[in-house]
Structures are given as structure tokens and as C-alpha cells.
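Work through the exercises below with the model open. Each task is followed by a stepwise solution.

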Amino acid sequence: MSSVNILAIESSCDETAAAVVADGRRVLSNIIHSQIDIHRAYGGVVPEIASRNHIMKVDMVVAEALAVANISISDIHAIAVTNGPGLVGALLVGLNFAKGLCFARDLLLIGVHHIEGHICSNYLENPEWMPPYAALVVSGGHTHLVHVRNYGDYALLGRTRDDAAGEAFDKVARSLGLPYPGGVEIDKLSKIGNPTAIAFPKTMLEADSLDFSFSGLKSAVLNHINSQQMAGRDIIKPDIAASFQHVLVDVLVQKSLAAAERIGTDKLAIAGGVAANSALREKMAAACDSRGIRLNIPPPIFCTDNAAMIAACGYYKHIRGHRDDLSLNAYPSMPL
Ligand code: KG4
Ligand code: ZN
């Protein structure tokens, strides 16, 4: 039986990405053009600059994805594209490119929710993993606990009430004078810091809540840095980074285990840029091990933004018969 090949395009933030994935799992190509070096000078993503750079790169990235996959557009069954949530100007670039290609080559168009894409990164190069399971999605803009009941069937168990986990990482990194994006910098610096040097507050919210709140933790770190500076004391950056990361990771691990318990599953998956964090990967693995929970974490390259995850998601929508037409629009926020 021949495989179902999905070409996917992702441009929701500062990565212009395209990928070809066979049968939702086999990654034939995964091309990512990152704009990080361009936005670093501004300390964060500048939406208009992101859109303009997507326009300059999208055709080359798509051509490269087809070339690396060694596949012709005539062997593509459908084009999956992120149409939200994200920066609307950035989304529109990938979406309109996908629409143009679908129109020209008479291909099926499938719009994909970015967070659903992150969840589906767990299927990439992984023939075993399938629903049902609990999923923690931790990215720059989102922190969600989700019950994945089936492909395309989700129930939201909890979410952040203020900052996303990645946002907290990036803001704390910025206050420590680390370059954007700060998550990976905090991860690196923490390795030489003492995680119990500073007792930052751990916000768990109500006893039965699976929601998150990271703004108190973030403010406590900023206050600590300010008060150290005012008192003329040294700022021990590795200790601050490690102590902040320790608390944040602890909350993510505890709430994820509580979510798995709540829905009665022994399977947990994590996804999103923050899932690339080494402390989160280690602590989640140890906690799941001690409780007999099967944990799946995609390799870091599938955790941060990529189009392979959009293709995986698009494949499952495609085989369920989902079709979009050329009126498909882009949305900065979108319910899962
Ligand atoms: O999923 P993603 O690439 O983009 C969004 O959809 O937001 O996530 C980006 C976020 C950023 O906040 C970045 O700092 C964070 O993921 N991140 C990390 C690590 N790598 C990326 N956070 C902590 N540790 C890391 N190693
Ligand atoms: Zn993302």
C-alpha cells in the first residue's frame, strides 16, 4: 500500500518551517528556517519583521522540504498549514502560500491548530504512541493540560491563568541579561547553579485545580534581582536560574501527574518548546518511573516549532475526512 504524504507549512511565530511526513509518523523532511538571530536584537519577536521574513523564505523552505524528501508535489496528498493561534500576519504568510499551492496543483487544504500540532509531535518517528493519554503542552504562548481522548478529540483539563511557562522562562532570562529566547539559556545556566539556593514561591492554586499561575514566581525572581542590586549584593545568575527552573519544573511535574491520575490514565506525553528543557525531561521521567506511568517526550527538534508536527496532525485530520476550502482564515487565538 502506498503511503499518504502530507506537506505541511508552519509560520505562526518566528520559524518558517515546512516538512513532508508519510502516514502521519515517518518524517521524510523537516526544514526549519529560524529567525531567532534577527529578533534577538529586539529582545523578542517583532511581528511585522516576522511576517516579512516568512515572505522571503517560505517558497525556498517548501522547495527544500520537497527536495530533501525526494518527492514531487504530484505525490503529495494534502497540504496542512497552521492557521492559528499565533501572530496573525505571520500565519497569513504560510496560509496564503499553502492556499496558492493547493489552488495551483488541485490539492486538499487542511488547517491545523498549532497546539494540536504540538500534541501530535508525539507521533513523529514513533509508531507505538497513540491515544488516550494526558498531555502537557508547554510553549512560549501556552501552558495546557489536555486529555487526548482520541485523534482530534481533546478535553482541556487546565491551563495557565497568566504567563505561559515559556514566557516566564523568557522574561526571567531577560531580567538576568540573557539573550532571547531565554528558555534554553536558563536551562544551560541552571546546570552550574544550586536549585535550592533561593526559595522562590511555588503556586499550586486550589487543591483540585489543574490550572497554572507563573506570574507570582516570575515577579519573585524580578524582586529578588532588584533587592540584591539595591543592597549592592552580587547577583548569582546560575543560582537564580536554577532556583527558578526548579520551582517551575516542580509545578509542571506535579500537575501533570495529577492530570493523569484525574483521568485515570497511565500514559503521559509532553510537547512544546519548554518540553526541550533538560530538567523537565529528567524530573518528569523520574516521577513517571516511580509511579508506573509511561512517558513520551519527542526529541527536542520536534518540541520547538516545526512543520513535521503540523503534518502529523494534518494526516489524522485528513484520514478523518477533514477538508478546508480557500476561504480558510488565520486566527491569533483559537480554542483547541
Ligand atoms: O513551542 P515553541 O517553539 O513556540 C511557541 O509555540 O511558543 O516554544 C518556544 C518557547 C520559548 O519560550 C523558549 O524559551 C522555550 O520554548 N524553550 C525552552 C527551552 N527551549 C525552548 N524553555 C526552557 N528550556 C529549554 N531548553
Ligand atoms: Zn509552538
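Two strands pair if DSSP finds at least two bridges between them. Keep in mind that this is a predicted model.

**Exercise 1. Find the strands that pair with β1, and state the sense of each pairing.**

Step 1. Start with strand β2 (residues 15-22). Six bridges join β1 to β2, and the two run antiparallel. That passes the threshold of at least two bridges.

Step 2. Look at the connection. A hairpin of four residues leads from β1 to β2. One bridge pair to check is leucine 7 with valine 20 in β2.

Step 3. Turn to strand β4 (residues 78-84). Here the pairing with β1 is parallel, over four bridges. Alanine 8 has alanine 80 as its bridge partner in β4.

**Exercise 2. Decide whether the faces of β1 are covered or open.**

Step 1. In a regular strand, side chains alternate between the two faces of the sheet.

Step 2. Count for the strand. Six of the six residues of β1 (residues 5-10) are buried, so the strand is largely enclosed by the rest of the structure.

**Exercise 3. Describe the second largest pocket by volume and lining.**

Step 1. The volume is about 170 Å³.

Step 2. Lining residues include Asp187, Lys191, Gln245, His246, Glu282 and Lys283. By class, the lining has three nonpolar, five polar and four charged residues.

Step 3. Assign elements. α6 (182-190), α8 (237-263) and α9 (278-291) each give two or more residues. α9 gives the most, with four.

**Exercise 4. Which residues have the most contacts inside the largest nonpolar core?**

Step 1. The core has 45 residues. Ile186, Phe200, Phe244, Leu248 and Leu280 have the most contacts inside it.

Step 2. Elements giving two or more residues include β6 (133-138), α5 (165-175) and β9 (267-271). α8 gives the most to this core, with 12 residues.

**Exercise 5. Locate the backbone exceptions among peptide bonds and phi angles.**

Step 1. Most residues other than glycine have a negative phi, and most peptide bonds are trans.

Step 2. A cis bond joins proline 131 and proline 132, with omega about 5 degrees. Another joins tyrosine 180 and proline 181, at about -5 degrees. Proline 132 is in the loop between α4 and β6, and proline 181 in the loop between α5 and α6.

Step 3. Aspartate 23 has a positive phi of about 50 degrees, and aspartate 106 one of about 55 degrees. Aspartate 23 is partly exposed at 30%, whereas aspartate 106 is exposed at 72%.

Key:
Residues numbered from 1 in each chain as written. Chains lettered and ligands numbered in written order. Predicted model: local features only at pLDDT ≥ 70, side-chain atom pairs only at ≥ 80, totals over all residues. Heavy atoms only, no water. 1 Å grid on protein atoms, 1.4 Å probe; cavity = no way out; pocket = protein on both sides within 12 Å on 5 of 7 lines; lining within 4 Å. Points joined across faces, edges and corners; volume = space filled by probe spheres on them. Nonpolar A, V, L, I, M, F, W, Y, C, P; charged D, E, K, R; others polar. Buried < 20%, exposed > 50% of the residue type's maximum accessible area, 1.4 Å probe, protein only. Core = buried A, V, L, I, M, F, W, Y, C linked by side-chain atoms within 4.5 Å.
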